[in-house]
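Subject: Structure for you to look at

Hi,

Here is the structure I said I would pass on.

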Amino acid sequence: MAEVITKRDPRHLEQTTKRLLVACNIADLMKSKGWTPAQFAEKFSKTEDEILDWLGGQTDFDLNTLTKISLVLDVDVQALFAPIKSPVPSTKVKEELEFA
């Protein structure tokens, strides 16, 4: 597997990473609103399978779709590209918390 990854075009890997970042942010924003993929699909007039494809990083989003998603989620488009905040503190922070 590592050999396959090293032979990949770095630009393709970056595109995949960005697409997954957007998918994770959509999932987090949906979760913050308490929406399931089925509920989001209904609000967006899409099928649940389409939403699951989005959340699986299998969709190349165009600007029009990203704009619609941001409107449905009531966020700025930039929020879909926000860096993911680690839900688990780093090891150093964990150690500091344990000794506090």
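Predicted model: local features only at pLDDT ≥ 70, side-chain atom pairs only at ≥ 80, totals over all residues.

Below is what I found, starting with the overall fold and moving on to individual residues.

**Overall picture**

The protein has 6 helices and 0 strands, and along the sequence that reads α-α-α-α-α-α. It is 100 residues in total, 23% of which count as buried. If you take the contacts with a separation of 6 or more, 57% of them are between residues 24 or more positions apart.

**The aromatic cluster**

I'd start with the rings. There are 5 aromatic pairs in the structure. Trp35 and Phe40 make a stacked one, with 6.0 Å centre to centre and 25 degrees between the planes. Phe40 also pairs with Trp54, this time edge-to-face, at 6.3 Å between centres and 70 degrees between planes. Phe40 belongs to helix H3 (residues 37-44) and Trp54 to helix H4 (residues 48-55), so this pair ties together parts that are 14 residues apart in sequence.

Are these two residues buried or exposed? Phe40 has 0% relative accessibility and counts as buried. Trp54 is buried as well, with a relative accessible area of 6%.

Taken together, Trp35, Phe40, Phe44, Trp54 and Phe61 form one aromatic cluster. There is a charge to go with it: the charged end of Lys33 sits over the ring of Trp35, 5.7 Å from the ring centre.

**Salt bridges**

The count here is 2 salt bridges, and each has its own setting.

The one between Lys18 and Glu14 has an N to O distance of 3.5 Å. Both residues are in helix H2 (residues 10-32), and because they are 4 residues apart, about one helical turn separates them. Lys18 is partly exposed at 42% relative accessibility, and Glu14 is partly exposed too, at 41%.

The other joins Asp60 and Arg19, with 2.6 Å from N to O. This pair links distant parts of the chain, 41 residues apart: Asp60 is in the loop between H4 and helix H5 (63-73), while Arg19 is in helix H2. As for accessibility, Asp60 is exposed, with a relative accessible area of 62%, whereas Arg19 counts as buried at 18%. The cut-off for buried is under 20%, so Arg19 at 18% falls on the buried side of it.

**Helix H5**

H5 is worth a look on its own. Its buried residues are Thr65, Leu66, Ile69, Ser70 and Leu73. Why do they end up on the same side of H5? They cover an arc of only 135 degrees around the axis, and that puts them on the same side of the helix. What do the buried residues of H5 pack against? Their partners are H2, H3 and H4. On the face turned away from the buried side, H5 carries the exposed residues Leu63 and Leu71.

Both ends of this helix have something to show. After H5 comes Asp74, which has a positive phi, near 60 degrees.

**Glu48**

Last, a residue in helix H4: Glu48. It is partly exposed, with a relative accessible area of 39%. Which residues does Glu48 contact once its neighbours within four places in sequence are left aside? Those are Pro37, Ala38 and Ala41.

**Where to click**

If you open the model, I'd begin with the cluster of Trp35, Phe40, Phe44, Trp54 and Phe61, then go to the salt bridge of Asp60 and Arg19, and finish with the buried residues of H5, which pack against H2, H3 and H4.

Cheers

How values were computed:
Residues numbered from 1 in each chain as written. Heavy atoms only, no water. Phe/Tyr/Trp six-rings, centres within 6.5 Å; stacked < 30°, edge-to-face > 60°. Buried < 20%, exposed > 50% of the residue type's maximum accessible area, 1.4 Å probe, protein only. Helix = DSSP H or I, 4+ residues; strand = E, 2+ residues; numbered from the N terminus. Lys NZ or Arg CZ within 6 Å of the ring centre and 35° of its normal. Salt bridge = Lys/Arg side-chain N within 4 Å of Asp/Glu carboxyl O. Arc of directions from axis to C-beta. Contact = heavy atoms within 4.5 Å.
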